Amino acid sequence: MGRGGLTPAGKVVVEPQDWGRLDWMVSGAIGNSDTMTVGRCTIEPGQQNPPHHHPNCDEVLHVVSGTIDHRLGDEQLPMSAGDTISIPAGTVHNARNVGSEPAVLMIAFSTPDREVVGE
């Protein structure tokens, strides 16, 4: 059986970024999963995270609030609250906030130790 456990709001691992922030709640590094990474991405209005890919895992991204244009390979996909996208391992992607409020995205990865190339 894998590890599990509660991550109280005050114990979320916060990574400030020039374009917003990443908040991590579940991962191998945190010590509460052997199979997944789960976090929240906030992108400020007019900002975007750099194009990148994950060579070792798939990603699922769910828009909680806000409006983004999401690059998935050669496609540009408009997304808003309630939309979800599945991103295969190795696919270059990024999100640009095209709205006037912060975009909040839940992100989940199919590994406890996600790798990022290009960010």
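A search of the whole structure finds three salt bridges, a salt bridge being a side-chain nitrogen of Lys or Arg within 4 Å of a carboxyl oxygen of Asp or Glu. Before I go through them, some notes on the model. This is a predicted model, where local features need pLDDT of at least 70, side-chain atom pairs count only at pLDDT 80 or more, and totals for chains, interfaces and linings use all residues. Residues are numbered from 1 along each chain as its sequence is written, and side-chain values use heavy atoms, with hydrogens and water left out.

Now the salt bridges. Arg21, Asp23 and Arg40 are linked in a network. Asp23 meets Arg21 at 2.9 Å, N to O, and Arg40 with its closest N and O atoms 3.1 Å apart. Asp23 lies in strand β2 and Arg40 in strand β3, 17 residues apart; strands here are DSSP runs (E, at least two residues), numbered from the N terminus.

Is Asp23 buried or exposed? At 2% relative accessibility, Asp23 is buried. Arg21, at 35%, is partly exposed, and so is Arg40, at 27%. The cut-offs are under 20% relative accessible area for buried, over 50% for exposed, and partly exposed in between, with a 1.4 Å probe and protein chains only.

The remaining pair is Arg96 and Asp69, at 3.0 Å, N to O. Arg96 is in strand β8 and Asp69 in strand β5, 27 residues apart.

Those strands bring us to the sheet. Its order is β6-β5-β8, open and antiparallel, where pairing takes at least two DSSP bridges between two strands. β6 and β8 each have a single partner strand, so one side of each lacks a neighbour in the sheet. β5 and β6 pair over six bridges, and His70 stands opposite Leu77 in β6.

Methods
Helices (H or I, at least four residues) and strands (E, at least two) are DSSP runs, numbered from the N terminus.
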